[in-house]
Amino acid sequence: MQKEDIVKKTINCIRILSLECVEEAKSGHPGLPLGAAEIFYVLWHKHLIFCPEDPKWLNRDRFILSAGHGSAGLYSLLYMYGFLSIEDLKRFRQFKSKTPGHPEYGLTPGVETTTGPLGQGFATAVGIALGQRILQQKLKIISSELSELINHKVYVLVGDGDLMEGVSYEAGSLAGHLCLNNLIVIYDSNKTTIDGSTDLTFTEDVDLRFKAFGWEVVKIDGHNLEQLDSSLNFAKKSTKPFLIIASTKIAKCSPNFEGSHKAHGAPLGEDEVCKIKEKLMWSKEKFYVPDDVKNYISLRLKELKKEYERWQDNLKNCLKKYPKLKSLLDDYLSTDLDKSQLNDLLLELKNLKFDKEFLSTRTAFGNVLQIVAKKIDKVIVGSADLAHSTNALIKDSGAIQKDNFNAKNIYFGVREHAMGCISNGLALYNFRPICSTFLVFSDYMRPPIRLASMMKLPVVFVFSHDSVFIGEDGPTHQPVEHLISLRAIPGLYVIRPADAYETLYAVYFALRSKDKPVALILTRQDVAVLDRKKFSSASGLLKGGYIISKEKNKTCDIILIATGSEVYLAIQVQELLQKDGFSVRVVSMPSVELFEEQPQNYRDEVIPQDVKIKVVIEASRTIGWQKYAGDNGLIIGIDHFGNSAPYKILQQEYGFTAEKIYEKLRKHFKI
């Protein structure tokens, strides 16, 4: 058989397997895999470097299907190239299979990140590419020859929808600014959306857009193998991030659906599958892979195995030559932080003293961060143009730029959405990113926070300016609904520390977290630095909730539960009630999620069920606190937007003073 025949056969095998996945499941997206089969083939068979036996190999090329709805195409490739079984393909979109509707990181070998929400894969890839450049620079410091030890590329397949999403603009702009020439994006430009032709809404010049970002761009026929091959060769030599605009036809080879938006998100039907097989002269047998295609792919896999073995031999030689290399790679290959590093960090943090009587928790965070940066090399810090407001800035380090990847600060610009995605990408490269903005702007980056939780990535999201008490900036900048919104995300720790010492433990906990992201919620305004000789140790934060100020008598009459800046307020209310002879307990509840993970007996010890009078105080929506307040309890919050005024006036107007809470409590419980 001539080579061109086996190539054509292999491409058609990708098409048919993808098509049959969708038909077997009776749901899915056949259009992209049929149209992008040539792209898949050329990239995977001629350019992508990987090892199925070691899918986490450090120097593997990363392939990210940002257009995650085309997952049937990716799974077909993963089967053909040794990552999955044929049974996995047959269980496409089925319960607990390795082949879900959209690619999921940690579930399917060979899947580098969870994708599906359009634009997320593209932006996350920027973070992965950035992570490689940072690690490459660290190797270069040991020796310039080691920079070639990690020289892989990050390939991304995007569709029209990915590039319509605003996050592609944010991330593409930053990638161009940083000149990430290890990033190669292939744009499957089939000019089709769910609703019809892209002419309905998307007529911009993508070529000029990316050139304006600082990318290099070529336009090709996405079904022309020579053009695909030469453009990828050209891209690998570029000094800039590279975009290949590949014009394709959705559902190519389908007699009735080629070029139609109807092929996007539904099975084509058995009759159409039969017609496609007849057209391609393919066997009627389901999930059929010809032996000559298997043999052809096995030759490529042998080449890749040799490449892998050459790299491993090179690594062994480098480890002998450069003793520092082993500890560096051990650190960066580990998904967890070193226990001894964490222990040393905690010891040093415990020695940190906050001398001021009042201090904002954002300022305390900034102080803690300086110690963290010296102890944990993998920490990378950034903000969305708010470094000096959130204090997410390592003071003795410069900014990461195209000529300096050895710094620890990333200036993301006003790009919250991309910041979240890029931070996820850095975490996928085993860095420990800490990114920050104001709490009200967490709305802009909810999709990557959600995906970080799905992927169990230990990203630290820092949100300062945490309540209406930021004051004069007014309701547009005053978060009200955001705490409950973040708490609604499964797998995310939300921590709102009461003072500087709780902030210290919150940062420590966030870095100790192995498989969950953490959102730190910090104040702009100064809050009391609580005397820990008088009150309980702030280490109680590590259990999510703890008794910060005990009742004076053996029995407890009233429990006050508060978070963040309202904890000191609760202590003031406690003092007023104690003057009236009540036995009052104050519970600091910095993290509901963490508290819920504690044993039931501990939770009952902190908040006994038999205490009838329970009050929750938090300057946020009251939704969600009923569980702790009880049916007859009192929840003091803010269920409306704020106002522009000095924060002390807002505290008076909204009833967040000790006197007003004391009065409301006595009236509510008639005591």
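The model is predicted. Its largest nonpolar core has 81 residues, and the members that touch the most others are Leu 130, Leu 183 and Trp 215. Helix α6, which spans residues 120-142, supplies the largest share of this core, namely ten residues. When neighbours within four places in sequence are set aside, the contacts of Leu 130 include Leu 178 and Leu 180, together with Ile 400, Phe 405 and Ile 410, as well as Ile 422 and Leu 426. Another core, of 65 residues, lies apart from the largest one and has Ile 6, Val 7, Ile 14 and Phe 92 among its members.

Five strands form an open sheet with parallel pairing, in the order β1-β2-β3-β7-β6. Because β1 and β6 stand at the edges with a single partner strand each, one side of each is left without a neighbour in the sheet. On average, and with direction ignored, neighbouring strands of this sheet are turned by 20 degrees against each other. Strands β3 and β7 run parallel and are joined by six bridges, and Ile 184 stands opposite Phe 242 in β7.

| β1 | residues 62-65 |

In helix α13, residues 324-333, the buried residues are Leu 325, Leu 328, Leu 329, Asp 331 and Tyr 332. Seen down the axis of α13, these buried residues fall within an arc of 160 degrees, and they therefore line one face of the helix. The buried residues of α13 pack against α6, α12 and α14.

Technical notes. Residues numbered from 1 in each chain as written. Predicted model: local features only at pLDDT ≥ 70, side-chain atom pairs only at ≥ 80, totals over all residues. Heavy atoms only, no water. Core = buried A, V, L, I, M, F, W, Y, C linked by side-chain atoms within 4.5 Å. Buried < 20%, exposed > 50% of the residue type's maximum accessible area, 1.4 Å probe, protein only. Helix = DSSP H or I, 4+ residues; strand = E, 2+ residues; numbered from the N terminus. Contact = heavy atoms within 4.5 Å. Pairing = 2+ DSSP bridges. Axes fitted to C-alpha atoms, helices over the stretch in contact; angles between N-to-C directions. Arc of directions from axis to C-beta.
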